[in-house]
2 protein chains.
Amino acid sequence: MQLVAVPSTAEEETQKTRFLRACMRQPVDATPVWFMRQAGRYMAEYRQVREKHSLLEICRTPELAAEVTMQPIRALHVDAAILFADILLPLIPLGLELSFSEGVGPVISTPIRTMEDVRKLRLIDVEADLAYVMQAIRMLRGELQVPLIGFCGAPFTVAAYAIEGGASRGFLRTKSMMYSAPDAFHALLDRLSDVLADYLVAQIRAGVQAVQIFDSWVGELQPIDYATFIQPYSHKVLARAQAAGVPVIHFGTNTTHLLTLMKQAGGTVMGFDWRVPLNDGWRILGEDVAVQGNLDPAALFAPMPELKRRAELVLRRAAGRPGHIFNLGHGILPNTPVDHVRAVVDFVHEYSAAHHS
Amino acid sequence: MQLVAVPSTAEEETQKTRFLRACMRQPVDATPVWFMRQAGRYMAEYRQVREKHSLLEICRTPELAAEVTMQPIRALHVDAAILFADILLPLIPLGLELSFSEGVGPVISTPIRTMEDVRKLRLIDVEADLAYVMQAIRMLRGELQVPLIGFCGAPFTVAAYAIEGGASRGFLRTKSMMYSAPDAFHALLDRLSDVLADYLVAQIRAGVQAVQIFDSWVGELQPIDYATFIQPYSHKVLARAQAAGVPVIHFGTNTTHLLTLMKQAGGTVMGFDWRVPLNDGWRILGEDVAVQGNLDPAALFAPMPELKRRAELVLRRAAGRPGHIFNLGHGILPNTPVDHVRAVVDFVHEYSAAHHS
């Protein structure tokens with residue numbers, strides 16, 4: 001055997017550690033890459049499962065959740081798996097009526113608007129009430145060669161869904177509650193942050209090797225409101241997950257104006273959307289944190305040369321500094337061409353291995 | 001007559017110049033204030049007109065457009081009027097089928113997607129084809145005691161509507177055209193920027209004393225795409241309006257990451273949404289430009305003490321520096337309490353007169 005021919009087991013060994021090493025800002029052989037919503041509607045295998053099962057059925061059936069989680073691992077050369085689940089699952093045992101409406105998204109028919117509503121939330125035991133999530137994690141750890149990422153919604157984003165009763169454009173009810181009933185708002189965030197912290201710790205105990213908190217809507221807020229109403233609760237979730245001993249990725253969209261406060265809230269890795277150039281975002285945060293991102297999901301629809309040019313730009317901005325995990329700036333969109341997704345993964349590995357070693 | 005009792009004609013004289021003086025960063029007796037979408041659905045007078053007339057009918061009937069423009073001038077003590085119109089009106093003479101669907105917003109049944117579509121756009125003469133707008137302006141100038149602001153959509157925002165066929169969440173078709181057919185995208189922006197510049201110049205000739213360009217969706221873009229695909233065309237519109245001799249307000253939402261490039265594109269006054277604290281935004285832009293903003297429209301739903309606290313915070317951040325125009329961070333929302341809007345106007349005048357003179 002020649003020295004240049006690396007045996008495949010060593011290659012696998014390297015791929016297994018690439019993502020976790022990058023989280024800790026350790027040097028890697030190639031930039032690790034995974035995609036938010038890498039299991040989903042753009043894959044034919046996923047649509048086949050969805051023909052027979054609702055979104056909630058998949059989430060609540062460990063075999064199905066595990067199967068769907070594995071689909072992109074088989075189809076792409078990504079460096080991490082992310083558990084298939086929905087950020088609103090913890091609302092079900094809390095007593096909210098959650099359903100998913102085609103083309104509309106989540107609908108909560110019993111939204112939370114008052115202190116009375118907050119008080120009526122049930123006490124829950126995440127290990128028991130969300131046992132199906134922990135079961136899926138245990139099944140996946142037996143099967144996966146790459147690290148498994150667990151996740152939850154951030155307290156604000158989960159609260160915004162619970163208050164609005166679904167997705168929203170201007171988050172008027174959420175802000176109205178914040179401005180008109182701040183005690184109830186704080187009580188809701190406090191309650192949710194305890195539940196979400198418990199949920200992440202339970203996922204870590206079940207075997208996930210990293211976690212991400214998704215604060216998808218937080219960019220709606222101005223810094224002073226983030227600092228007053230959100231930061232303490234995000235901090236609680238992030239700190240408890242970090243104390244449980246795994247890397248924690250803190251992700252939000254539309255957060256250029258909030259990056260410093262979000263970093264203060266916590267996270268081993270900070271995730272950006274595509275708006276802020278990666279080098280600018282990293283400069284704002286400082287070098288003592290890893291970053292994840294940030295190709296525009298729309299770029300996956302571009303012709304291949306343009307797509308590669310845009311992926312290369314993200315890598316050039318990261319400049320090969322230890323601590324970059326390649327990802328999109330938000331989840332993969334429906335109808336994204338699978339061959340483009342696969343090509344980006346391979347391009348990121350090849351380009352970074354050649355230019356940044 | 002005592003010196004402290006200023007005669008009302010002098011007061012009116014002061015109010016007439018307050019807004020324009022602030023645009024030019026000259027000292028004022030009190031911070032001028034107006035609101036984006038100050039004529040609209042939140043006012044009973046407007047809803048009465050809408051019961052009998054569609055949005056497009058109001059826009060295209062000078063008497064109705066002028067009447068609706070006057071409604072907030074009578075009800076509030078705002079320091080400027082803004083012509084009632086829609087940013088998509090210029091698309092009609094260009095040959096696009098535009099309608100407004102209740103609860104959905106604008107619908108363009110003949111969207112632009114290819115170079116062929118761009119080539120098919122009709123040649124227009126804005127003075128003739130949008131004569132109803134100029135007529136409304138002339139009527140208003142005879143009636144108004146405060147300055148009249150004209151406006152248009154920025155080339156990107158108008159193009160995004162034309163490409164998507166209406167409002168959009170992710171602007172995937174717009175970005176796809178940008179990435180896959182850049183020549184067609186540039187051709188469309190070039191064509192629109194000529195039309196929009198002509199349109200603003202025609203409004204200025206008809207009598208508006210300032211103009212605003214609304215780039216409501218531009219925050220979707222990353223800086224490199226703004227610089228390549230948008231900035232030259234926004235610059236063309238802004239420069240031609242500035243050359244016509246009136247102050248030009250350059251407004252966008254979600255633009256913290258774009259402020260420097262937007263300022264380079266032009267504008268006498270830069271408008272912010274509520275996300276970036278006014279002092280931070282002003283620092284990024286530099287002191288050689290006036291600023292407009294930036295109370296969160298949702299704050300108008302807060303209880304009065306909280307609302308005043310938030311309005312005061314905006315004024316404190318402006319620190320009484322010449323060149324601040326108080327406004328919201330985006331348009332007034334439907335169902336906004338009119339008495340809260342009125343109270344904010346009076347509060348801004350009183351607080352700024354007392355603290356910043």
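Author: Two strands pair if DSSP finds at least two bridges between them. Helices (H or I, at least four residues) and strands (E, at least two) are DSSP runs, numbered from the N terminus. This is a predicted model: local features need pLDDT of at least 70, side-chain atom pairs count only at pLDDT 80 or more, and totals for chains, interfaces and linings use all residues. Residues are numbered from 1 along each chain as its sequence is written, while chains are lettered from A and ligands numbered from 1 in the order in which they are written.

Reader: Start with the inventory. How many helices and strands are in chain A?

Author: Chain A has 15 helices and nine strands. Its radius of gyration, taken over C-alpha atoms, is 20 Å, close to the 21 Å of the globule rule (2.2 Å times the number of residues to the power 0.38) for 357 residues, so chain A is as compact as a globular protein of that length. The C-alpha trace of chain A spans about 70 × 45 × 40 Å along its principal axes.

Reader: Now the sheet. What is the strand order in chain A?

Author: Strands of a sheet pair through backbone hydrogen bonds, either parallel or antiparallel. In chain A, seven strands make an open sheet, ordered β1-β4-β5-β6-β7-β8-β9, with parallel pairing. The edges are β1 (81-82) and β9 (324-328) of chain A, and each pairs on one side only.

Reader: Take one pair. How many bridges join β4 and β5 of chain A?

Author: Five bridges link β4 (residues 148-153) to β5 (residues 210-215) of chain A, and the two run parallel. A:Ile149 has A:Ala210 of β5(A) as its bridge partner. Helix α10 (residues 182-206) of chain A packs on the sheet and touches β4 and β5 of chain A. Its direction makes about 170 degrees with that of β4(A). Such angles run from 0 to 180 degrees between N-to-C directions, and axes are lines fitted to C-alpha atoms, for helices over the stretch in contact.

Reader: Which strands does helix α13 of chain A lie across?

Author: Helix α13 (residues 278-285) lies across β7 (269-271) and β8 (290-295) of chain A. It runs at about 155 degrees to β8(A).

Reader: And chain B? Which strands stand at the edges of its sheet?

Author: Chain B has an open, parallel-paired sheet of seven strands, in the order β1-β4-β5-β6-β7-β8-β9. β1 (81-82) and β9 (324-328) of chain B are the edges; each has a single partner strand, so one side of each lacks a neighbour in the sheet. Three bridges pair β7 (residues 269-271) with β8 (residues 290-295) of chain B in the parallel sense. B:Met270 has B:Val291 of β8(B) as its bridge partner. Helix α14 (residues 304-318) of chain B packs on this sheet, touching β8 and β9 of chain B, and its direction makes about 160 degrees with that of β8(B).

Reader: How do I read a helix pair? What is the angle between α8(A) and α9(A)?

Author: Two packed helices are described by the angle between their axes and the distance between the axes. Helix α8 (residues 155-164) of chain A packs with α9(A) at about 100 degrees, the axes 8 Å apart. That makes α8(A) roughly perpendicular to α9(A); 65 to 115 degrees counts as roughly perpendicular, under 35 as roughly parallel, over 145 as roughly antiparallel and the rest as oblique. α8(A) contributes A:Ala160, A:Ile163 and A:Glu164 to the contact, and α9(A) contributes A:Arg173, A:Thr174 and A:Met177. Here, contact means C-beta atoms, placed from the backbone, within 7 Å.

Reader: On to the assembly. What rotation superposes chain A on chain B?

Author: A rotation of 180 degrees, with 0.0 Å of shift along its axis, superposes them at RMSD 0.0 Å. That is the relation of a two-fold axis. A:Thr256 comes closest to the axis among the residues of chain A, at 3.3 Å (C-alpha).

Reader: How many residues of chain A are in contact with chain B?

Author: 23 residues of chain A touch 23 residues of chain B. Helix α9 (residues 172-180) of chain A gives the largest share of chain A's side, five residues. That side divides into 12 nonpolar, seven polar and four charged residues. Ala, Val, Leu, Ile, Met, Phe, Trp, Tyr, Cys and Pro count as nonpolar, Asp, Glu, Lys and Arg as charged, and the others, Gly among them, as polar. The copies meet through the same surface, because 100% of the interface residues of chain A are also interface residues in chain B.

Reader: Last, the backbone. Which peptide bond of chain A is cis?

Author: The bond from A:Gly293 to A:Asn294 is cis, with omega near -10 degrees. A:Asn294 lies in strand β8 of chain A. In chain B, the bond from B:Gly293 to B:Asn294 is cis, with omega near -15 degrees.

Terms used. Copies are superposed by least squares on the C-alpha atoms of residues with pLDDT of at least 70 in both. Two residues are in contact if their C-beta atoms, placed from the backbone, lie within 7 Å.
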